[in-house]
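Subject: Structure handover

Hi,

Here is the structure we talked about. Please open it and keep it beside this email as you read.

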Amino acid sequence: SDHMENICGYLMKYTNLVTGWQYRFFVLNNDAGLLEYFVNEQSRHLKPRGTLQLAGAVISPSDEDSHTFTVNAASGEQYKLRATDAKERQHWVSRLQICTQHHTEAIGKNNPPLKSRSFSLASQGSANSPGVQRRPSQNAVSFFNVGHHRLSTGKRVPIMQPDHLVDVREMMSQAEGQQKDLIRSIECLPVSGHLTSLDQDLLMLKATSMATMNCLNDCFHILQLQHASQQKGSLPAGTTINWLEPKLSLANHFKNGAAQNFPAEINKPASVREEQSIAEPGQLTREPEEINPDEELEDVCDDKEDDLGAVEEQRSVILHLLSQLKLGMDLTRVVLPFFILEKRSLLEMYADFMSHPDLFVAITDGTSPEERMVRFVEYYLTSFHEGRKGAIAKKPYNPIIGETFHCSWRMPKSHVATDAGSNSSAHSTSEQVTLSKDLEGQKEPDYYTVKFVAEQVSHHPPVSGFYAECVERKMCVNAHVWTKSKFLGMSIGVTMVGEGVLSLLEHGEEYTFSLPCAYARSILTVPWVELGGKVNINCVKTGYSASINFHTKPFYGGKLHRVTGEVKQNTTNTVVCRVQGEWNSVLEFTYSNGETKYVDLTKLSVTRKRVRPLEKQGPFESRRLWQHVTESLRDGDIDKATEHKRALEERQRNEERLRAETETPWCTKYFLKEGDGWVYHKPLWKAVSAVQTQQTDTN
């Protein structure tokens with residue numbers, strides 16, 4: 001090929017978080033199918049500092065910028081490289097891909113097909129042997145005993161008949177059974193001690209064995225296609241070939257240690273025994289609890305998420321995870337490594353999206369439907385930045401069914417932006433005071449209070465409901481979210497299925513809204529968060545709507561975290577406001593009167609939420625429920641965090657099994673099922689309606 005040319009030049013190579021990026025001189029040797037690098041061009045005549053075999057490699061342009069790409073060798077070794085610009089990256093990527101394809105195809109042509117070999121797969125030794133697990137590379141033959149039998153000289157190899165395929169399938173079935181036995185043996189090891197189920201070598205063995213079996217399945221499928229091609233026209237009419245279906249039950253491997261027996265009770269920490277002995281939520285009181293905001297204290301917990309550390313140190317864990325995944329696979333039940341977990345529950349993350357309550361309560365102060373819609377859009381776009389804890393993609397705890405989270409925010413009334421020209425507040429002052437007295441049983445304070453409650457209302461599918469209200473401003477928001485996560489190759493996508501409704505009771509308006517998708521990009525290096533997709537906000541009563549696009553970064557060029565949107569009047573199709581910028585940086589709002597406003601999200605004041613102390617929380621409130629996991633993560637004790645987390649998950653499985661056996665339906669505490677959604681059991685609009693009815697009867 002004209003493109004099969006040897007190229008060389010300087011590229012930046014990523015080593016680790018300590019050393020960072022370093023310039024190295026790279027040489028693509030097309031004849032040998034090698035990518036080599038040297039310290040500099042002058043040392044090119046010396047031995048290369050590193051060499052990658054390109055046959056079977058995967059060349060992947062990175063989605064984090066337009067300069068970076070990775071070379072993933074079949075051996076598992078990886079080079080993360082960076083060119084000077086997008087054009088140079090494309091030059092290297094295209095040449096590497098051509099060379100890789102050429103040498104990969106050459107291997108297939110030069111090696112005889114499987115029909116000229118016979119395989120004998122038998123397990124040698126016990127899969128439980130620590131020696132086998134500790135030295136996978138040295139004991140591979142004891143796991144797969146592959147013998148190549150010489151054929152008699154001069155004899156022509158017969159074309160493989162269908163019964164030979166049946167023999168191969170049977171051999172592969174035996175191998176798959178041995179591989180599952182190996183995985184089960186590893187997962188039955190304790191989580192602490194000299195040899196554990198989290199041992200780096202054993203995790204690597206699990207990953208490579210799973211990858212090997214997947215590769216063998218693909219190869220067998222190719223073999224069947226080849227055989228069908230050879231036999232085309234010679235098979236009797238009506239003859240069919242049954243293609244191999246994957247026999248590995250990947251679902252059995254989703255929960256690392258699912259089949260593991262916990263150590264004896266006497267060896268468990270008291271906190272673990274406590275977690276497993278807590279009564280089932282259904283056996284506790286399921287009556288809604290009225291949380292007194294005066295019992296809540298300003299949150300002093302500041303769990304800033306740490307860096308992931310050198311990804312090279314965690315590579316075997318990542319490989320173990322990736323070995324279980326296939327493109328498009330639902331990740332709902334996949335247990336992720338602890339070093340990518342946040343120290344908070346998903347329910348608390350939803351609360352952190354409310355960290356600008358002053359902007360939230362100011363929505364109802366808009367003097368017109370247009371202004372209220374614009375204010376809601378401004379609040380909506382400012383909520384995502386603070387909801388994330390740092391730039392690195394980490395995942396909060398999956399809430400267990402029945403888990404709840406409560407908090408509140410207080411804002412001095414003088415700090416909330418209001419409009420002097422608005423008489424809407426004055427006209428309803430008496431009604432507002434009456435409502436506050438009836439609901440709170442006290443005089444109206446000099447601050448506004450926003451109360452928040454969230455509950456995990458379903459386990460399969462995982463659905464969360466959350467509700468927030470400000471009684472003084474007669475506004476509330478109710479939402480339910482079903483998180484659907486999928487494996488996308490080099491990233492993970494999370495779709496937020498559901499809907500939220502903001503109710504401005506003073507104006508009789510409801511605003512429905514949806515949520516964008518989230519992506520964890522570059523999961524093999526340093527993962528980062530990106531939002532994507534189109535969301536809509538709509539108010540039927542006023543006829544105003546907003547369309548917001550969260551743009552994912554294009555393959556070439558473009559900016560990260562870009563967002564654009566517009567607010568328009570549906571009847572006239574008139575755009576009254578446009579917005580552009582980055583959802584985690586600066587937003588620019590341009591209004592119909594020509595004015596422009598810039599909002600720097602990094603400088604917006606954040607109101608700390610108020611949370612009850614742990615000793616006053618119920619056993620199924622998020623912070624108390626996960627306290628031992630969180631404490632272990634803070635201390636860096638991964639083994640202990642794993643043990644506590646497994647205890648919670650095991651308890652949830654037992655409770656679910658008991659409910660199924662007794663045919664006992666799950667009863668939620670704060671949210672009621674209405675149609676396809678979930679609604680808070682005592683929303684503010686019901687209380688307002690009751691007060692208005694009472695005042696009417698009095699008059």
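Below is what was found, element by element.

This is a predicted model, in which local features need pLDDT of at least 70, side-chain atom pairs count only at pLDDT 80 or more, and totals for chains, interfaces and linings use all residues. Residues are numbered from 1 along each chain as its sequence is written, and side-chain values use heavy atoms, with hydrogens and water left out.

**The sheet**

Start with the open sheet of seven strands. Its order is β4-β3-β2-β1-β7-β6-β5, with antiparallel pairing. Strands (E, at least two residues) and helices (H or I, at least four) are DSSP runs, numbered from the N terminus. Two strands pair if DSSP finds at least two bridges between them. β4 (50-53) and β5 (58-61) are at the edges; each has a single partner strand, so one side of each lacks a neighbour in the sheet. β1 (residues 7-14) and β2 (residues 21-29) pair in the antiparallel sense over eight bridges. Look at Lys13: its bridge partner in β2 is Gln22.

**The cores**

A nonpolar core is a set of buried Ala, Val, Leu, Ile, Met, Phe, Trp, Tyr and Cys residues joined through side-chain atoms within 4.5 Å. Buried means under 20% relative accessible area, exposed over 50%, partly exposed in between (1.4 Å probe, protein chains only). The largest core has 61 residues. Phe360, Leu381, Phe452, Ile537 and Phe550 touch the most other members. Helix α10 (residues 369-387) gives the most to this core, with eight residues. A second, separate core has 20 residues, including Leu81, Ala83, Val93 and Cys99.

Helix α15 has 25 residues and spans 36 Å from first C-alpha to last, close to the 36 Å expected. The expected span is 1.5 Å times one less than the number of residues. Glu663 follows α15 and has a positive phi, near 55°. Glu656 lies in this helix (residues 638-662). Glu656 is partly exposed, at 30% relative accessible area. Leaving out residues up to four places away in sequence, Glu656 touches His459 and His460. Contact here means heavy atoms within 4.5 Å. The C-alpha atoms of Glu656 and His459 are 9.3 Å apart, although 197 residues separate them along the chain.

**Ser458**

Is Ser458 buried or exposed? Ser458 counts as buried, at 13% relative accessibility. Ser458 sits in strand β12 (residues 447-458). A polar atom of its side chain lies 2.6 Å from the backbone oxygen of Pro461.

Best wishes

Definitions and conventions: Polar contact = N/O pair within 3.5 Å; in protein donor to acceptor, adjacent residues only side chain to side chain.
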